[in-house]
Amino acid sequence: MTNIALGPSWLDPDYLISTFGLIGILVIVFAESGLLIGFFLPGDSLLFTTGLLVSNGEHIDQPLWLVCTLVAASAIAGDQAGYLFGRRVGPSLFNRPNSRLFKQENVTKAHDFFERHGPGSIILARFVPVVRTFTPIIAGVSRMSYGKFVLYNCIGGSLWGAGVTVLGYFLGQIDFVEQNIEKILLGVVLLSVIPLVIEYLRSRRKSARGAGGASPAGVPSRTEGDGPEPRPRGRHRANSR
């Protein structure tokens, strides 16, 4: 395995797995799924690398089914913690000052995502970095039905946690992937960022549309030089006697 030079070496998935093993993977998945400080941790690339290492028996000796089960359980538990935290802090989260590990803009992005997609955002957010960390918290702040949240959380956590790991496992058995592992992992990181870019562009377009101040459709705005306003036409009855 080779390292991806996209950030600090201690955030490299291979380094994390070789140093902390399966326990480290589960802790990171839990933190990245629902703790405020977990948004910067690797998610997709970590799970993909986990599948790769399970396929070749490096650093991880446990069978694939057990790894997938534990990863999915950690992802679900992380979202549960995020939801309960959101229920506890409530709207005060939106007044929390920025710090090195907390940015108000991340809360706003997750809130907009949740408002746009409704309960389904719990599943969709799993595949959007940063947003997946804050969406369960926003669901708690919004007092989303707990039973509904648990259902969507279990579906999303299983699809993401087990799905990305299994994908890495089977692709890791392909010679081309094994020989170009650094490029493949870089591609996984870039693919995981695409939804975030789309959300950013949508919010920019929405802001620009709101600030445009355009007239309602079909009603042209009047400007100087248009001449006097036309007088209403009607039937006039002259009374001549």
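Which residues does Ile 25 touch, not counting residues up to four places away in sequence? In this predicted model, the partners of Ile 25 are Ile 17, Leu 46, Thr 50, Ile 60 and Val 71. Among contacts in the chain with a separation of 6 or more, 76% are between residues 24 or more positions apart.

**Nonpolar cores**

- The largest nonpolar core has 25 residues, and those with the most contacts inside it are Ile 25, Val 29, Ile 60 and Val 71.
- At least two residues of this core are supplied by each of four helices, namely H1 (13-34), H2 (44-56), H3 (64-89) and H7 (146-171), and the largest share, 8 residues, comes from H1.

**Helix H1**

- Although H1 has 22 residues, its end C-alpha atoms are only 19 Å apart, which falls short of the 32 Å that a straight helix would reach at 1.5 Å a residue.
- A bend of about 120° is found in H1 at Phe 20.
- At the start of H1, a side-chain oxygen of Asp 12 comes to within 3.1 Å of the backbone nitrogen of Asp 14.

**Helix H2 and Asp 44**

- H2, with 13 residues, reaches 19 Å from its first C-alpha to its last, and this is close to the 18 Å expected at 1.5 Å a residue.
- This helix is mostly covered, since 11 of the 13 residues of H2 are buried; among them are Leu 46, Leu 47, Phe 48, Leu 52, Leu 53 and Val 54, together with Ser 45, Thr 49, Thr 50 and Gly 51.
- Asp 44 also belongs to helix H2, and this residue counts as buried because its relative accessible area is 8%, under the 20% cut-off.
- The side chain of Asp 44 is joined to that of Arg 132 by a polar contact of 3.0 Å.
- Just after H2, Gly 57 takes a positive phi of about 70°.

**The loop between H2 and H3**

- His 59 is placed in the loop between H2 and H3, and its phi is near 70°, a positive value in a residue other than glycine.
- Most residues other than glycine have a negative phi.
- With a relative accessibility of 40%, His 59 counts as partly exposed, because that value lies between the 20% and 50% cut-offs.
- Gln 62 is found in the loop between H2 and H3, and at 31% relative accessibility Gln 62 counts as partly exposed.
- Not counting residues up to four places away in sequence, Gln 62 touches Leu 22, Val 54 and Val 67; with Leu 22, the separation is 40 residues in sequence and 8.6 Å in space, C-alpha to C-alpha.

- Val 130 lies in the loop between helix H5 (121-124) and helix H6 (131-141), where it has a positive phi of about 70° although it is not a glycine.
- Val 130 counts as buried because its relative accessibility of 16% is under the 20% cut-off.
- Val 150 is in helix H7 and counts as partly exposed, at 26% relative accessibility.
- Val 150 and Ile 122 are 28 residues apart along the chain, and their C-alpha atoms are separated by 9.6 Å.

**Annotated spans**

- According to the unreviewed UniProt entry, the annotation "transmembrane region" covers residues 20-43, 63-86, 150-172 and 184-201.
- In the model, the span 20-43 is 62% helix and 0% strand, and its end C-alpha atoms lie 15 Å apart.
- The span 150-172 is 96% helix and 0% strand, and its end C-alpha atoms lie 32 Å apart.

Terms used. Residues are numbered from 1 along each chain as its sequence is written. This is a predicted model: local features need pLDDT of at least 70, side-chain atom pairs count only at pLDDT 80 or more; totals for chains, interfaces and linings use all residues. Side-chain values use heavy atoms; hydrogens and water are left out. UniProt positions are given in the numbering used here, feature names are shortened, and annotations may be inferred rather than shown by experiment. A nonpolar core is a set of buried Ala, Val, Leu, Ile, Met, Phe, Trp, Tyr and Cys residues joined through side-chain atoms within 4.5 Å. Buried means under 20% relative accessible area, exposed over 50%, partly exposed in between (1.4 Å probe, protein chains only). Contact means heavy atoms within 4.5 Å. The expected span of a helix is 1.5 Å times one less than its number of residues. A polar contact is a pair of N or O atoms within 3.5 Å; within protein, one must be able to donate a hydrogen and the other to accept it, and residues adjacent in sequence count only if both atoms are side-chain atoms. The bend at a residue is the angle between axes fitted to the seven residues ending there and the seven starting there.
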